[in-house]
Amino acid sequence: MKATEEASLRALESLMTEFFHNCTTNERKREIEELLNSFAAQAGSWRHCLYFLSNSRNEYVMMYSLTVFENLVNKMWVGVASEEKAELRSCLPKLLLSQHAVLPFFIRNKLCKVIVDIGRQDWPMFYHDFFSNTLQLVQSPGMAPLGLVLLKMTSEELVCPREDLCVSRKEELRKLLLEQIPTVLNLLTGILETVWEKHSISATTPPPSPTSGESGDVLLRDTMVAKSSTLCALALECLAHLFSWIPLSSSITPSLLASIFHFARFGCQLPIKAKAPPTSNGDSTLNPLPANGGTGLQRSVQPVGQSERARLGVLAMCCINELMCKNCVPLDFEEFLLRMFQQTFYLLQRLTHTNTHTNTNVHSVRNRLQELDESYVEKFTDFLRLFVSVHLRRIESNDQFPLVEFLALLFKYTFNQPTHEGYLACLDIWSIFLDYMSTKIRSRLADRDSILNRYKDALVLLLREVLNRIQFRSNQSQLEELDDETLDDDQQTEWQRYLRQSLEVVAKVMELLPSQTFSALFPVLQEDLDIYLGLQQFIVTTGASRRLNITAEADCRKLHCALRDLSSLLQAVGRLAEFFTGDVFTPRFSDALAIVQRLVEVTCYGSQISLYDVETAVPSVLKPDLIDVHAQSLAALQAYSHWLAQFCSEVQRQQDQTQFVDLITSTMAATTPLISAKVPEKLLLSACHLLVSMATTVRPVFLVSLRTIQNIFNLITDNHSHQLPPEAHVLVCRALSNMLLLPWACLPESEQQWPSRSSSHARLLSTLTQQYRLLPRPPGHHDNSKAVMKQTLSVLRDLVNSISGESTKSRQICYQSLQESVQVSLALFPLCIQQPDITDEMLSFFLTLFQALRVQMGVAFTEQIIQTFLSMFTREQLAISILQEGSAGSKVVQKFLKILQVVVQEPGQAFKPLLPSILSLCMEQVYPIVAERSCPDVKAEMFELLFQILHQNWRFFFKSSVLSSVQRAGAEEQMENQAQFTAAMQAFGQSFLQPDIHIFKQNLSYLETLNTKHKLYHRKLFRSTMLFHFINVLLQVLLHKSHDLLQEDITVAVYNMAAVDFTTFYSSFLPEFLNGCQGLDPHQRATLARNFTPERDLPSFTQSVYRLVNDLRYYRLCNGSLPPGTLKL
């Protein structure tokens, strides 16, 4: 027998070596894999694996053997004979105890995992000493590391088990483990205290008083050995996992907390520059002992290095943060929390401590943080975020916690962060604090002043330092490190993100302390403005060229910093615009007026001397700076458009409007010269956006009569002019159109001058669309025709979209001006159907028309358009378009379906005659093409159309209202178009059998909405022929775990369907469902039915569904693992 096993072992070693050899072919690997799987599937193969594990040092062989054990325990345990189970429970722990010191750590961990898996199945009934053995190991000096590995795995595997356990067993394990928690925490406390007392210089602990300095600090001796370090690391890892699931209770004792904080201080200790002890190779820092519990290795008696100390600090902070995450804090635990915060206050003092004996106080805190382990600083920042976001409201009113002093330390910690990421993470904490303050003040307006007075000094300091941190004049080297080219997922550069987060903090302080913020910002802005406004004197003109006569390197650098800072501060000024409007318009009017006048002055100055066109000594740096300042001054002025609109409304009631008229006139004088193809695009677009805001938001009566605006009308309507870039052209057209279409604020209808504005708008659009309307039919495929069509359609679409929410009069005038272009578009559409890029533009235009102007278009013309589209989108044309997934053709079909969605949502009877043909297109032409294919985009639009048909046109199918159905109390309900309704429901049901999770979520919400609004699930047809089919499909989806992200949504839908008739659900559906489930025996079916308690509230029903799904999967797993012919009782 032994010789045979020895031969098998050699053969297995040979196979495993061959399998992992880089010359082995994939085909040979598959053969070996099949051979190994066949061997593992044999009855009793585990005995061979036990021999292999005991007698081989080949890591591949050991890992394979353990995989066989793991598969046996997790998938076949129910079918293993009881005597074999007992043998495994005995021999595997013996093997671990005898060989753990020499096994590679990953093999040892895998073996521990198998033993814990057995405990998960059999403890305490059949494996009664599983947990007690683990605790004995933890208490044994030589075996404690191994015991801690087993203890942590026990916490991981028994509290969050996979699906190989039934719910009752999961609940039992959690309860059993909770009973052991006091004992476990005492043991872990003992380990940490023993190591600390053994290796600390002083056995006394300094009081965690916030006012205490560092004089009472306790440090570990440099002689702390790797064995102790490993033991502490394992204990802290174990605690972190335990804290992630155990509730806050008295088991978490002050002594345990004190021990954790002892080790948390390790992260605050700077590397000790001590003389290296003599070693054979001169290396004074040694790698820590591998966490395998070995006791006989030489390195275990050598001192640990700084990195290992820092790791203990990080692990201790992980434990603290796990406790901090818990928002549900028992009343008797709040005192305990206070103690925690006091301890952490002490750590924060340590981290921000400055050495008073050096002359570099300003930099010493940053240097200290830079020298500490980066992970430790990250964990500490995480702690501060949790403290402020979760627990500040609990601790703020406690006199024993000095919150103002805490903020002072947080300030030092924030502004001495060695990395940009660390600094931004701290800014997030300040944002949370400022939000908390704002919320608190809103709820206690009477106490506003007393609350603010407590924190005013801290907030003003914060504001000044944040403003300082965005300025190049004082932080050029650090700010130049930020990337200002590469865009992230939010479409912003690293610099833009840095600036945005900083300005958000400034804005939040402004909300609380407006006058202080204004006082801090304006002088700094003025300083940079003086430099910018003084540049004119350095411009030298030579012939046609103009040059900025600043050439010295130091001067160029100073100018670069001033321009970058001015750009940032202009953005800050723009960000604060919202704090001058609404209720505070009058009290803050003078401040806002000063800002706007200054901005107008800056924009006029920039446009008059055209700094963007000036040659500079360093064109790659200074030219972009000058363009950016000019663009940001326009953008900042645009931010005040809502303030200007309110100013406009105020002056309408007054006689003297000079101040307002001067502001607008000067603004337009600064803006319109920039609307030219010769101007850099960044500046051009800023000018265009400002023009749009003036026309759309401010709406001065006199705007359109200004000479500067007349020049823009001439520019746009002159076909021979230099073409603007497409985006700028669209924006200018929108601005000009809105000047003529939008009603003026605070003026009665009789003074709106609609007749003259209407004729002006008609002339404008006639000129803009002239080339488009005169296109030949068919328009041809040459580029010029395409360009004309695309540009005109994009302009028209934008014009219509911009007035979609405006008054009826505005929309009427717009449609009158557009009418001929719409007719032309409809005539061109059939001629362009084979050009998907043009068709896409046309349908985008028609979609916007339907959304904004369908009333103005009238029923007859709308019907004509829809019939034209329906006739063009034949089954063949749809198939060609849809099957090119992601193509322009597919987008065309999506737009068409969106148009139909708008039509079917129209209230009243006007478009009801179109419903049959729209339903027919949906169910008979589009659906057959997309049903069995992916096509997610088209499918999503088709199902939304189907939902809108049902939702907005319910009486097309069900003649009676919900009220009359209730009043008739179950009488026969009138139904029409039953075949189409049934087909639509089948389409929804079919989508739940497909893998696309987005379509699944969308369609499930549609069904739920139809039930909420129209009692879909209660309708007789649905209830009698479809209800239980839907429940069945949804339960099968839960069983297959194919859409686990939607588990909660699916369960709620199942509940709502079952709630239609709970009695039938429990008495009829559930037994039928279980009888139809394969892989169960009668006893298991009865157990599942019995455990599904007949409750009628959602939480209980949800628990029952979860138990049913979990236990049904577990029973199938068990039954699948039984040997053939096993007798089931």
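Where is the place of H241? H241 lies in helix α10, which covers residues 226-243; helices here are DSSP runs of H or I with at least four residues, strands are runs of E with at least two, and both are numbered from the N terminus. The model is a predicted one, in which local features need pLDDT of at least 70 and side-chain atom pairs count only at pLDDT 80 or more, while totals for chains, interfaces and linings use all residues. Residues are numbered from 1 along each chain as its sequence is written, and side-chain values use heavy atoms, with hydrogens and water left out.

With a relative accessible area of 19%, H241 is buried. Buried means under 20% relative accessible area, exposed means over 50%, and partly exposed is in between, using a 1.4 Å probe and protein chains only. Leaving aside residues up to four places away in sequence, H241 touches S155 and E156; a contact means heavy atoms within 4.5 Å.

Helix α5 spans residues 82-99, 18 residues in total. From its first C-alpha to its last, α5 reaches 26 Å, close to the expected 26 Å, where the expected span is 1.5 Å times one less than the number of residues. Its buried residues include K85, L88, R89 and C91. The buried residues of α5 pack against α3 (45-55), α4 (59-75), α6 (105-122) and α8 (144-159).

Strand β1 (residues 539-542) pairs with strand β2 (residues 545-548) in the antiparallel sense over 4 bridges; strands count as paired if DSSP finds at least two bridges between them. T542 has S545 in β2 as its bridge partner. The two strands form a hairpin with 2 residues between them, and G543 in the turn has a positive phi of about 65°.

The cysteines come next. A search of the whole structure finds 0 disulfides, a disulfide being a pair of cysteine sulfur atoms within 2.5 Å. C318 counts as partly exposed, at 21% relative accessibility. For C1118, the closest cysteine sulfur is in C166, at 8.1 Å, also too far for a bond. C1118 is buried, with a relative accessible area of 9%.

Last comes confidence. pLDDT is the predictor's confidence in each residue, from 0 to 100. The protein chain has a mean pLDDT of 87, and 91% of its residues reach 70 or more. Over residues 203-217 pLDDT stays under 50, and the model has 26 contacts beyond four places in sequence for them.
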